[in-house]
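Please read the following structure alongside its sequence. The explanation moves from how the chains meet to single elements and residues.

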Amino acid sequence: MAEAVLSISHLTKRFDDQTILEDLSLEVREGEVVVIVGSSGCGKSTLLRCINALEDIQGGEIRLRGDLISHNRKNLPELRQKIGMVFQNYELFPHLTVLENILLAPVKTQKRSRQNVREEALALLERVGLKEKADSWPRQLSGGQKQRVAIVRALIMHPEILLFDEVTAALDPEMVREVLDVIVNLADQGKTMIIVTHEMSFARAVADRIILLEDRRILEESDPETFFTAPKTEQAKKFLRTFEFNRKNKAEA
Amino acid sequence: MPDLGLEVLWKGKNFVRLLGGLWVALRISLIAAGISVVLGILLGVAASRKRSVSSVVLRVWLGIIHIMPQMVLLFLMYFGTTRLFSWNLSGEVAAVIVFSLWGTAEMGDLVRGAVSSIPAIQRESAEALGLKPAQVYRWIILPQAVRRLIPQSINLITRMIKTTSLVTLIGVVEILKVAQQIIEANRKASPNAAFGVYLAIFVMYYLACRPLSLAAKKLEKHWR
Amino acid sequence: MDWAYIESVLPLYGKAAWLTLRTGTAGILLAALTGLLCAAAIHWRIPVLRKITAAYVELSRNTPLLVQLFFIYYGLPKIGIKTDPEACGIIGLAFLGGGYMTEAFRSGVEAVDRIQEESALSLGLTRFQTFLHVILPQAAAISAPAFMANVIFLMKETSVFSAVSLMDLMFTAKDQIGLYYRTTESLFLLVGAYLLILLPLSLLGTFWERRLRHAGFGT
């Protein structure tokens with residue numbers, strides 16, 4: 001079995017007196033694609049934010065290849081460089097061009113040479129079909145294009161793990177595909193990823209393992225085929241039913 | 001402890017005299033604010049119609065008022081009218097006129113802004129519900145405009161109070177002038193009176209303005 | 001209007017306008033610096049400094065410049081802090097303007113979405129790098145109109161400097177009226193000189209604001 005890239009043990013997260021996640025443990029192995037599903041507000045996004053220490057945690061620990069991820073550690077920026085994160089609303093920097101958005105972090109934090117990173121950035125942009133947009137400004141791009149740039153911005157750091165936080169939730173339906181295709185591609189290349197999504201057919205296709213998060217904890221954990229065809233728990237069945245529509249009085253064809 | 005000259009404040013009627021001086025300044029700003037609010041609302045509502053004569057008048061008026069320091073406007077009114085029309089305006093009257101001219105323009109602009117800030121779709125959706133134009137104004141436009149307007153008007157009044165301190169420079173006997181008189185009269189007995197007295201005035205202005213700006217801030221947050 | 005008289009006093013007004021411009025600019029620069037430091041103290045939630053900053057902003061914004069100047073010029077020397085008129089004017093303007101500039105910068109920084117900061121942090125930038133490369137450039141663009149409005153406001157506020165015996169434009173005009181009864185010419189020169197200083201600033205402000213309002217980064 002491959003080595004664990006990320007290990008979360010007994011994680012507890014509270015906002016004031018409201019518990020979001022309780023005693024949650026999870027391991028993600030090298031090259032694995034873990035998809036997290038669950039109803040809105042179940043703490044999926046919070047979990048991703050905890051992994052990147054954008055939220056402080058009230059219990060347990062999170063380790064990236066053995067290194068403790070903690071709010072008050074000096075090495076937090078270095079650890080974050082190894083964790084790529086893509087947000088729901090892209091969060092490109094509006095005052096920088098597409099290329100500058102991608103170059104900012106590697107040049108400033110990894111002290112890599114501009115020329116070097118630039119070549120890599122252009123190559124990555126070409127792979128996602130956006131090479132000609134390198135000198136555009138974020139506001140000139142469509143949502144789908146912005147999200148692909150955001151993915152490149154995360155990739156250029158050569159992260160050990162990628163976190164996708166409902167990256168298609170803000171997109172118009174016709175743009176969802178172009179973004180998901182990029183992610184499927186990354187999965188094929190063997191990248192380690194945690195994906196939070198509401199796109200069930202995508203989840204089924206891309207995941208090595210599906211996790212249902214409900215009531216502050218992991219409720220069900222299985223391979224995608226099992227999850228979608230033979231869910232074990234009542235909650236999982238109920239969750240999957242929310243994606244089905246039926247008309248009671250419609251004549252059968 | 002060094003002599004801070006604070007004892008002067010409690011001597012005789014000094015403190016009451018200072019408060020009296022503050023009242024002279026406050027009175028000017030309150031009269032001007034009253035005039036400004038009434039005229040400003042009339043002007044602003046008229047100017048909220050695009051491309052109306054009143055909107056042009058308001059813009060030109062604002063432009064003139066905005067470009068000149070208030071001190072210069074006071075000067076023009078105080079010395080200029082004497083020269084041009086041989087009026088002998090008292091400093092207080094000149095100040096009320098200048099602050100009213102200034103306040104009316106600013107208030108008019110605030111009203112215009114508040115009324116035209118309400119999106120057209122609000123008016124349209126109210127009309128779609130079958131409300132008559134007057135009803136739309138009364139129940140939809142005004143309540144929203146007023147919420148925006150009240151904090152801004154309070155801020156305008158606060159600014160006016162601060163600006164009235166200038167009238168001492170055109171000879172109105174208000175708090176700063178009274179202060180000079182007190183300091184002069186107590187030169188021998190309390191050589192450090194200037195510190196205590198001016199500190200007191202500093203605090204008094206703060207106490208006059210702070211509650212107003214706090215109220216404006218609270219209302220702004222409350223109604224957002 | 002006596003043009004010969006006007007010509008004879010032009011150098012006097014030129015000197016006064018230069019004084020207004022010089023002290024005004026110095027005061028405004030100091031105010032901007034103060035505002036930047038205060039806004040940073042608030043943004044980074046530096047414990048004690050943050051409280052002091054908040055109190056200072058309220059104090060400077062809720063008192064008139066004239067009262068601040070009187071306190072600095074006549075009050076402070078009594079406890080051993082002496083300033084010459086020019087320094088007093090500059091310090092007073094910086095004290096007043098610092099409060100307004102803090103508000104302008106603070107609201108600019110606050111207007112940048114928090115998640116922008118998070119997305120920079122998630123790339124591994126340090127807090128300082130994030131502030132410098134991501135928050136500040138966006139905040140500066142948002143704050144620019146308020147900043148420019150403050151610059152114009154503060155330049156106009158210098159017109160009370162004559163109260164602490166600075167020989168600025170107001171002082172000169174008042175002097176000429178008092179000494180020679182040259183009211184018409186003095187008022188004309190006074191207005192003219194202020195227009196010369198303020199009109200370009202105001203036009204620049206309008207131009208700048210329009211550009212920023214109708215175009216963001218990338219148009």
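This is a predicted model: local features need pLDDT of at least 70, side-chain atom pairs count only at pLDDT 80 or more; totals for chains, interfaces and linings use all residues.

Residues are numbered from 1 along each chain as its sequence is written, chains are lettered from A and ligands numbered from 1 in the order in which they are written, and side-chain values use heavy atoms, with hydrogens and water left out.

Two pairs of chains touch, and the pair with the most contacts is B and C; contact means heavy atoms within 4.5 Å. Chains A and B share no contact, and their closest C-alpha atoms are 23 Å apart.

The largest nonpolar core has 104 residues, and Leu18(B) and Ile201(B) have the most contacts inside it. Such a core is a set of buried Ala, Val, Leu, Ile, Met, Phe, Trp, Tyr and Cys residues joined through side-chain atoms within 4.5 Å, where buried means under 20% relative accessible area, exposed over 50% and partly exposed in between (1.4 Å probe, protein chains only). Helix 8 of chain B, residues 193–223, supplies the largest share of this core, eleven residues. Helices (H or I, at least four residues) and strands (E, at least two) are DSSP runs, numbered from the N terminus. Beyond four places in sequence, the contacts of Leu18(B) include Leu9(B), Ile182(B), Ile201(B) and Met204(B). Another core, of 63 residues, lies apart from the largest one and includes Val33(A) and Tyr90(A).

In chain C, helix 1 (residues 3–43) has 41 residues and reaches 56 Å from its first C-alpha to its last, close to the expected 60 Å, which is 1.5 Å times one less than its number of residues. A kink of about 45° lies at Val9(C), shortly before Pro11(C); the bend is the angle between axes fitted to the seven residues ending there and the seven starting there. After this helix comes Arg45(C), with a positive phi near 50°.

In chain A, strand 1 (residues 4–15) runs antiparallel to strand 2 (residues 18–29), joined by eight bridges; strands pair if DSSP finds at least two bridges between them. These two strands form a hairpin with two residues between them, and Asp16(A) in the turn has a positive phi of about 50°. Strand 1 also pairs with strand 4 (residues 59–64), antiparallel over five bridges, with Leu6(A) opposite Leu64(A).
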